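Thanks for coming, everyone. Please have the structure open on your screens. I'll take the ligands one at a time and then step back to the chain.

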Amino acid sequence: MLTRFIIFVFLAHAPLLANAIESGSQIAWTPETLRFVKNGNAEKGQDLAGTCMACHGERGEGTNSEVRDDEKISAIPALAGQLPTYTYKQLRDYANGDRINATMNAIAKSLSEQDAADLAAWYGSLSRPRHPIGEFDVAKAENMVKDGDGKRILPPCFVCHGQNGEGEKIDIPRLARQRAEYFENTLKAYKTGDRHNDIYSKMRLISKQLTDEEIKALSIYYQQIQ
Ligand code: HEC
Ligand code: HEC
């Protein structure tokens, strides 16, 4: 009951608080945009995805850090199994400069809106592989995911991201089996405001409530989900 109340207060005030912070994204989910993304062509997306493979993997599985040519390439997200609307939004946010990453800004600018919808459809059609991590005490992270923390106005992650981190319609991403290292980086980036393309600052407000240790535990929790 208390948790429900807190979530209500949180969601009701997020837009007001957001006005004080930078607004985030130019994507507006009109019926036309939703239809446009839904009609993305996965086959065309597969052809375009040839240029993404070197980093995101053959089938969008992503990587945790590894060394290539003496240069550390780290924290590359899994794209497989992601909601197409979320992927589309991220590609447009990178293209518009609302989400900053030099590599992805250049790549997304070279894609048309149609390319972005086609790529989103292709990656959304793939299943995301498991990346087991061995022994891990899930209890602490699981509490935050399932109960949140009323003392901090921290809503449980599941109310938005789903019972098993499967994501929720329109722009709430799938978290299940996301690469832990990327997950950790991106939550820390919301926390500092380096990442600020979340509509109504939802994730900036939440990540500010989390310690770096909690962020790490959550990243491992979601990577190891069955
Ligand atoms: C040179 C390596 C590289 C290539 C090639 C590349 N990416 Fe990325 N991509 C990254 C990195 C690194 C990130 C994480 C950036 C960040 O933290 O904002 C990323 C992030 C993303 C995200 C955000 C995912 C999320 O969960 O928010 C999407 C979507 C994406 N890339 C799609 C693509 C597509 C589609 C292509 C091919 C057209 C592509 N990328 C090519 C390195 C690459
Ligand atoms: C009020 C709804 C809401 C709640 C509660 C919420 N999230 Fe989110 N989350 C979002 C939305 C919406 C996005 C996408 C924002 C954007 O477009 O950048 C997101 C994005 C993320 C991302 C980025 C994923 C990626 O692929 O880049 C991570 C990681 C994340 N959330 C983790 C969490 C964790 C952990 C919790 C619980 C402590 C949580 N979220 C609670 C709505 C929520």
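**Ligand 1 and its shell**

Start with Tyr 182: a polar side-chain atom of this residue lies 3.0 Å from an oxygen atom of ligand 1. That is a polar contact, meaning a pair of N or O atoms within 3.5 Å; within protein, one must be able to donate a hydrogen and the other to accept it, and residues adjacent in sequence count only if both atoms are side-chain atoms.

Before going on, a word on the model. It is predicted, so local features need pLDDT of at least 70 and side-chain atom pairs pLDDT 80 or more, while totals for chains, interfaces and linings use all residues. Residues are numbered from 1 along each chain as written, chains are lettered from A and ligands numbered from 1 in written order, and side-chain values use heavy atoms, without hydrogens or water.

Back to ligand 1. The side chain of Tyr 86 has an N or O atom 2.6 Å from a ligand 1 oxygen. For Tyr 94, that distance is 2.7 Å. Which elements give two or more residues to the shell? They are α4 (53–56), α5 (84–96) and α6 (102–109). Helices here are DSSP runs (H or I, at least four residues), strands are E runs of at least two, and both are numbered from the N terminus. The largest share, five residues, comes from α5.

In total, 20 residues surround ligand 1. To be near, a residue needs a heavy atom within 4 Å. The closest include Cys 52, Cys 55 and His 56. Cys 52 counts as buried because its relative accessibility is 15%. Cys 55, at 29%, counts as partly exposed. The cut-offs: buried is under 20% relative accessible area, exposed over 50%, partly exposed in between (1.4 Å probe, protein chains only).

His 161 sits in helix α9 (residues 158–161) and Met 203 in helix α11 (residues 202–207), 42 residues apart. Both His 161 and Met 203 are buried.

**The whole chain**

The protein chain has twelve helices and two strands. Of its 226 residues, 47% are buried.
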